[in-house]
Amino acid sequence: MDNRIAITIVTGFLGSGKTTVLARVLKDERFKNTAAIINEFGEAGLDHRLIRRIEERTRLLSGGCICCNMRDDLINELKEILNEYERGEIPLDRVVIETTGLADPAPILFSILMDPLLTNRYFVANIVCCLDAANGELHLKNNPESLKQIAVADTIIITKTDLVEKETVAFMRERLNRLNPAAKVFQAANGKINPEIIFGDGQNRMEKISRRENFSEMKHADDIHSMSIKFYDALDWTSFGLWMSMLLYAHGEKMLRIKGMVDVGEEGPIVINGVQHIIHPPHHLEDWNGEERNSQIVFIMKGLDPQRVIASLIAFQNILGSAPVIEEVTSNPY
Amino acid sequence: MCVLCGELIMNVHWTDQPLHDSEYRRKTRIVAGEGQRTRRRMRIKRVAVANKILAYYGLKLQDWNGSKYVLSDKKGVSNVVNSLGDMWQTASKMCHRTLDPLDPAFLQTLEKTHG
């Protein structure tokens, strides 16, 4: 693809099986040149050559919001890995970062994208979130950190599925789809999972979501809502950039996640991917991969009425070049 | 670094990122000035669209030599901004309010003029 090194971020609440999944996939011969950065509290033994432990250290930027913090520990470690690789001391194909159970993935993204060196040498390929089939629902109910991890994820892995009934897993998948329609959900028993799911390119892809006609009523104004919209005509990219940067300027903290494919009238779509104020460099795909040619964008927001976003898009339709069509609006099932 | 003023620009705003970045990174030979035409065209377009939005707040944006933007109000106050990231912030300082794309009054005016 390009000359930057892929990073996979693995999140998940305490005891959700992150380490077990990682230990499994790192055993695979194809992924042996993966540098793993794990937090110092990880208790399960990871038997891997290129392992590094770091102590979480966050630099608070003055005037910044919660998502715009620098993770100094990570920046230093990623630079050190790069140095060792360039001196020829270690082989390196990719990096995997395992976060602590309570970590917010947003500052990690922010650190990688905002550091002038790192942003040109690394790119975030996939954000994986592990969720325990037995206790996951409880975590999501009680811990806002857990909800945020799911909202930010590209790939969700339901772990420990061998411990619960099949129906529980199916029910969980359905609820996760409502919470984050943009993520792909997989399941793993005993950490058994195809390593390509973890090391894939989830950040720069999005599968089309089929229409589910799911409009649920607002439960609470402060609640998390996800909304999936479509545009049947091509959008003007410059105008869309203006609208979105304006929206994020005013309401960035409430936009937990934006992910979508935008048809700009060119051969392939542009993949847009953002967490709060942090937007990945938009990525142009070569083609639609056989899928229907229309823009689809998923918004996950907290404390913001989805109808207001729609009203804004409708008012902007002549500037943007197309009117929005709501596919589904759901409120947080947890 | 901006050669005109010596200001260190550490980050490129996402709206200024080249869309074919990965294609570009694979290249071993890069022709100087390649893609400039597209970039300039995009900036002119961006200024035109931004002015449709900024009109409601009494502000005006101009492109400055293809490297920066100048944001001015009707009282003669001007500010130089680097990207859209700066622009919204500077604009709200200049008109003493948050520029909110969800504000119903703003949307109503926008629909009236460009609907």
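User: Taking contact to mean heavy atoms within 4.5 Å, how many residues of chain A are in contact with chain B?

Analyst: This is a predicted model. By that cut-off, the chain B side of the interface has 37 residues. On the chain A side, the number in contact is 43 residues.

User: Which element gives the largest share of the side of chain A that touches chain B?

Analyst: Several elements give two or more residues to this side, among them helix 3 (105–114), strand 12 (270–275) and helix 10 (306–315) of chain A. By class, the side has 24 nonpolar, 13 polar and six charged residues. The largest share, 13 residues, comes from helix 9 of chain A.

User: What area do chain A and chain B bury between them?

Analyst: Carbon and sulfur atoms account for 67% of the buried area. Of the area that chain A buries against chain B, 21% is supplied by A:Leu242, A:Met246 and A:Tyr249, more than by any other three residues. The total between the two chains is about 3,500 Å².

User: Which residue of chain A meets B:Asp100 in a salt bridge?

Analyst: The interface of chain A and chain B has two salt bridges, and six residue pairs are in polar contact there. The side chain of B:Asp100 is in a salt bridge at 3.9 Å, N to O. Its partner is A:Arg308.

User: Which residue of chain B is in contact with A:Trp243, leaving aside neighbours within four places in sequence?

Analyst: A:Trp243 is among the residues with the most contacts inside the largest nonpolar core, which has 56 residues. Helix 9 (residues 237–251) of chain A gives this core its largest share, eight residues. The contacts of A:Trp243 include A:Phe299, A:Val309 and A:Phe316. From chain B, the residue is B:Pro101.

Key
Residues numbered from 1 in each chain as written. Chains lettered and ligands numbered in written order. Predicted model: local features only at pLDDT ≥ 70, side-chain atom pairs only at ≥ 80, totals over all residues. Heavy atoms only, no water. Core = buried A, V, L, I, M, F, W, Y, C linked by side-chain atoms within 4.5 Å. Buried < 20%, exposed > 50% of the residue type's maximum accessible area, 1.4 Å probe, protein only. Helix = DSSP H or I, 4+ residues; strand = E, 2+ residues; numbered from the N terminus. Contact = heavy atoms within 4.5 Å. Buried area = accessible area lost by both parts, 1.4 Å probe. Salt bridge = Lys/Arg side-chain N within 4 Å of Asp/Glu carboxyl O. Polar contact = N/O pair within 3.5 Å; in protein donor to acceptor, adjacent residues only side chain to side chain. Nonpolar A, V, L, I, M, F, W, Y, C, P; charged D, E, K, R; others polar.
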